[in-house]
Structures are given as C-alpha cells and as structure tokens.
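Subject: Structure for you to look at

Hi,

Here is the structure I promised to send over. Please open it beside this email. My notes follow below.

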Amino acid sequence: MSEFSTVLSETRRFPPPPAFAAKAHLTSMEDYRRLCAEADADPDAWWAARANEELHWQTPFHTVCEWEPPHAKWFLGGKTNLSYNALDRHLATLGEKAAIRFEGEPGDRRDVTYRQLHAEVCRLANALRALGVKAGDRVGIYLPLIPEAAVAMLACARIGAPHSVVFGGFSAEALRDRMNDAQAKVLITADGGWRKGQVVPLLENVRGALAHGVPTIEKVIVAQRTGAALPALRENEVAWSALVAAQPATCEPEWVDAEHPLFILYTSGSTGTPKGVLHTTGGYGVWTSLTSRWVFDLKPDDIFWCTADVGWVTGHSYVVYGPLMNAATVVLYEGAPTTPAPDRFWDLIERHRVTILYTAPTAIRAFMRLGEAHPKKHDLTSLRLLGTVGEPINPEAWMWYRETIGGGRCPVVDTWWQTETGGILISPLPGVTITKPGSATLPLPGIHPQILDKQHREVKEGAGKLFITKPWPSMLRTIWGNDARFKAGYFGEHPELYFTGDGARRDADGYFWIIGRVDDVVNVAGHRLGTAEVESALVSNLKVAEAAVVGRPDELKGTALVAFVTVKAGVPTTPELVAELCAHVTKEIGAIARPDEIRFAVALPKTRSGKIMRRLLRDVAAGTETKGDTSTLEDLSVLAALRNDDE
Ligand code: WT7
C-alpha cells in the first residue's frame, strides 16, 4: 500500500472549449507533448531558446545551468534587468497602453500607461540611488495595493536593489522581524491604505517597528494615499512626492548578473519563524514571463486580474513581473472583496471588462457562501479564462467557479506552485488540457515532478510525497542568511531532489492531485488521509461553507479527526447536522474519514493570504496552548472565539 490513502474520486472531465482552443497560444496536446519532448531531449538548448525568447539580455549568457545540488545557477554570464524587460521594451510600440488599471477601495480610479509607469519607476530609482542605495542593498516595501507598490518593486529591480515586500496586513512586530532579517537600508511605505472602509495605519506601524529597533534602516519613504496631506514627518522620513519631484524621468538600468538577487519574500515554515525565500533575476524573469503566456494565454487585448496582493508571491509573479513583461494590462484593486457590497468583485469585472480572473479557492468558497445572486446581477461575459491558486480546490467550488462565474464557457486552470518555486509548475494549459475538477493536472514542459514513496521509489499511480527532480530556472536559491535551513527544509528528504512539502496523488492519466501539506496529512487507524479530502467532502454538503480538518491525538486510533465547520447563512448548527455531515463524509469517502468530532465555528483562523492555519486548529482541537507564531493570523479574535467555545 502506498504511503497515503486517497479515496475521493472525481470522474467529471472538461475538454478546452473549442472556441478557446482555436485561438490559444498552445492549442493541442501535440503542442504540449512536443514541448515536453524537446525540453527533455536537450534541456540546455531548450532552456536557452526559452530564455532568449522571453528576455532581453544586455550581455548573453554562456552557461545555461550549473547544478550542484542543492544549489542551481541559471543563465550564467548573462546580464539583464527585469525593469527594462517589463517597461522599456514596450515603450516604442505600446507606450500609451494601460499597464495598470487601478481602483481604490473608495472607488477612485487611475490608469497608468506603460510610458507613465516607466517614468515613475525611473524617478523613484534615481531617488533611491540619490539616497545611497546601491546594487545589492535591500529595500523594504510596506504599501497598500496601489500603483506605487509596482513602481517601488520595479524601481528596486532597476537599480539592482533586492526588494522585500511585506504584506500591508502584517503587524509592526512582523514587519520589524522581516526588516531586521533582511537588513533593509530603506523602507517604502504610505500614510495608510483602505481596507473594509477603514484606514490601515501603515506609517504608524512602521514607526512602531522602528521604535522596536531596526538599526539598518536609514530612510523611510512615505507615499500619500489616504489623507489630503501627509502627517508631520520625522527626521528619518521623507515624502515620496518631494523625493521624486526633482528626479529625471529616465534612469539607466543596472545590468545585473542573471544570478543577482531580485527579491526576498518571507513565508511561514513549519517552525513558526518566517523564512526569507531568495529569488534571483534571470531564471525568475524567464519563467514568470513564459508561464504568464502559457497558463493565462495572455493576448494584447486582455484585461488580466490576479486578485493577490503584492505582499505574496502570486502578486510578485502574476501581478507585476510576469504580466508586465508580456505588456499586458493588469487590474489592481486595493480593497476588500465585499466592500462596500458583496458584489464588488463582479462589479469590478463588469466595469473593467476583465477577461482573465486569477483568485484563490478560499475566495471562491466565500463567494459561494454569499450566494449566486451577487454575481448574477452583473454581466460577466467579458471573462474568458479563470484561474485558482493557493490550496487544493474542492470539486464543488471548482464547479461553482466554472458555472456561476465562468458561465460554463471559460476554462479553469488550477495552478500549483509555491513561494519557493517562483512560478507555476503544475497546471492545465487552457487550450490544451482536459481538466478534472480538483486536479492541477500536468506539469508544464521542462518541469519534472515526481511522487515518491518512503523508500524514494517513484509512484507512477498513487499517492506519496511530491518532489521536483530537476532544477528549474525560477527555483528559490536559498533561504536568506540561512542556507542550512534551505538545505534541511527542501533537500533534507533527499540530497538531490527538491521536496515540496506537499503530498500528492497521480492518477492513471498521469494527472496530479495535490493533497496538501504533508503536515496536514493525518494517520487515522493506520490510514493516512489528506485532511483536504475530508474537507472537500464536507464542503460538498450544501449547508457547509468552509471546513478545516485536523488530527487530534487519540488513544485508540492514533489520531482522531476533528472538523471545524462554518455553515452557510441561516443553517442551524444542530446535533442533527452533525449526524448528517458525518453520514455525508462516510458516503463521499468512507467510514475511515468520518470525523470523530465536528465543531461549528463562526469563522476559521486564516492568514491574510487565505490559508487556514491548521497548526492553530490542531492546538485548539487538542486543547493545548498555541505555541507558535500567530503573526500571520488575519484576525486574532477568531482564535479566541474558537477557544471560548471550549468552555
Ligand atoms: C502551498 C504553497 C503559490 C502561490 C500561493 C501559495 C498549496 C498552492 C495549490 C494548488 C493545491 C496548492 C500547496 C503549496 N498550493 N497552489 N493549485 N492546489 N495546493 O504560495 O504560500 O508558498 O503556498 O500552497 O500546499 O505547497 P505559498
């Protein structure tokens, strides 16, 4: 028997709509197979061709890949600049095209053309240089989701200063820890940002962080977002507008080595202390540019809306770098999905004629819970492609997304990747792949995922741990300042194979089904079960909005399953419902997956990126104190409420 038992079966199949496939960049399974075969036959030649197609190289590279496990270097000898690739390349032909269509939460709007974006980036880049920021110096970015966030990232890239974006929802403490770890020299922030009708006090948080001590930060740049005027600034603070006013609108890019650090992005690990994932320039640029076109089929007239904040890797790769290198128009929306009303997303899509929507399963389930009346009020026919990312999507949510949002006409791409992978690795190609609800389907050409059992034997069909067996250009290079953690975390299982931390299953067609993090897999009475599968079964009950399943130590079974469930509006949380849900899971999966306990909650504890914090739920389920870091928790009161239910 394989290491993991998976019992959920899904038999629906959705071929690409012919009208979509006819116009797609990649149109047939033959295209896909040919690309895979070419990549495998001569990887160096194939990757070299991809790199030369995707990027302008100021100096050509001489070596495609140097792989000394666990360290990879790509496109050695090459010099490039991603700000140049995202902006300057387009100016001659597409200078007046909108790069960014911004909408603030209060409803204010601003279009930024490629020419304007280029000028703003150059001004800020010059200003950073004037402040003494040199190639290699780290710059912190703590901004709302406003055009200045993209400007700041690209200005850093322009001068070769690695940026470290900290999501605006993080606290002063979290910001301080990340800035200290990165040893940032300058921090770029704003007076505040809008979220759910309130001002997020970013500058106040920055002052709080610095008061706790971030000795390396010499200057804080403050953009104006919320007020008519900025508050009185302190000695170490300078207004963005004043700083850039005198700067020229052109700036010679720093031509950096392909392996020059582009950014550090902090992500949570199993220990609770955030780790700084380091990405470099050339390989990351090649892969985010290429995957933006392959997976999202980007065309010149697309309006692309990836709803992620730039504080997450999705916002780095598929709001800023990938789409802009493809000269796309991206939508940037500052605020909450339900402000001022539950139909804000659908209203935005209708008004901006969004053609491609890329969002998270947790958002989709939240919208399902709110009911289909909200999307039904709007004309969503501009949409032609839907994407999801971040966690396994349960088939019911996938179907709802496809039918209610996509009108049954848009392919759905369930894209698997990680902060560490830099870009999408496993995903349908929308004009090619027959999709199955809940499966991320097949690896992209050039990517080699494998499922291995405990003895590191390949599992061709069945479940196990998910590894990537060959290096790829956008893989993380190390954990900033902690190469030992990099080695242990990703190459500790096997010295030459990248371990994703995920469990996955491969079906008879070679499709990948991500089960979830391996630490979310529990062993119940000798059966290893993906908690995501049990959750999926629960959520397929029409009364359930969201579910999170964790293991609790149990004398008899080793582990007992505890399900935390939120119900749809108006559903009474009665003992009858508990019985119904247990019966439902038994029916959907089998008695082995039947929860031992179902606890109804008003909300589940989540990170701002929407990930359910199962670590906290495991503590609640086990009745123990929370030991780890809770700085990524969106709303601490959710945790308190779950605990109060205990008493
Ligand atoms: C983890 C990475 C990469 C952008 C957002 C998350 C889970 C991600 C999928 C998917 C099933 C997924 C995995 C992965 N995950 N995409 N399509 N299907 N699971 O980035 O915070 O680095 O998290 O998210 O468990 O390891 P991240």
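A definition to start with: two strands pair if DSSP finds at least two bridges between them. Note also that this is a predicted model.

Take strands S16 (residues 303-306) and S18 (residues 356-359) as the example. They run parallel and are joined by three bridges. In this pairing, Phe304 stands opposite Ile356 of S18.

Both strands belong to an open sheet of seven strands. The order is S5-S4-S17-S16-S18-S19-S20, and the pairing is mixed. S5 (109-113) and S20 (412-414) are the edge strands, and each pairs on one side only. On average, neighbouring strands here are turned by 20° against each other, ignoring direction.

Two helices go with this sheet. Helix H5 (residues 114-130) packs on the sheet and touches S4 (98-103) and S5. The direction of H5 makes about 85° with that of S5. Helix H11 (residues 313-325) lies across S4, S16, S17 (329-333) and S18. H11 runs at about 165° to S16.

The four-stranded sheet

A second open sheet has four strands, in the order S21-S22-S24-S25, with antiparallel pairing. S21 (449-452) and S25 (512-517) are at its edges with a single partner strand each, so one side of each has no neighbour in the sheet. The twist from one strand to the next averages 45°.

Four bridges join S21 to S22 (residues 462-468), and these two strands run antiparallel. One detail to look up: Gln450 has Phe467 in S22 as its bridge partner.

The ligand

Which residues come nearest to the ligand? Of the 16 residues around the ligand, they are Asp414, Thr415, Gln418, Thr419 and Asp502.

- The side chain of Asp414 has an N or O atom 2.6 Å from a nitrogen atom of the ligand.
- The side chain of Asp502 has an N or O atom 2.8 Å from an oxygen atom of the ligand.
- Pro392 has a polar backbone atom 3.3 Å from a nitrogen atom of the ligand.

On its own, the ligand has 560 Å² of accessible area, and the protein covers 90% of that. By class, the shell around the ligand has six nonpolar, five polar and five charged residues. H11 and S25 each supply at least two residues of this shell.

Best wishes

Methods:
Residues numbered from 1 in each chain as written. Predicted model: local features only at pLDDT ≥ 70, side-chain atom pairs only at ≥ 80, totals over all residues. Heavy atoms only, no water. Axes fitted to C-alpha atoms, helices over the stretch in contact; angles between N-to-C directions. Contact = heavy atoms within 4.5 Å. Near = heavy atom within 4 Å. Polar contact = N/O pair within 3.5 Å; in protein donor to acceptor, adjacent residues only side chain to side chain. Areas by Shrake-Rupley, 256 points an atom, 1.4 Å probe, with all protein chains shown as cover. Nonpolar A, V, L, I, M, F, W, Y, C, P; charged D, E, K, R; others polar.
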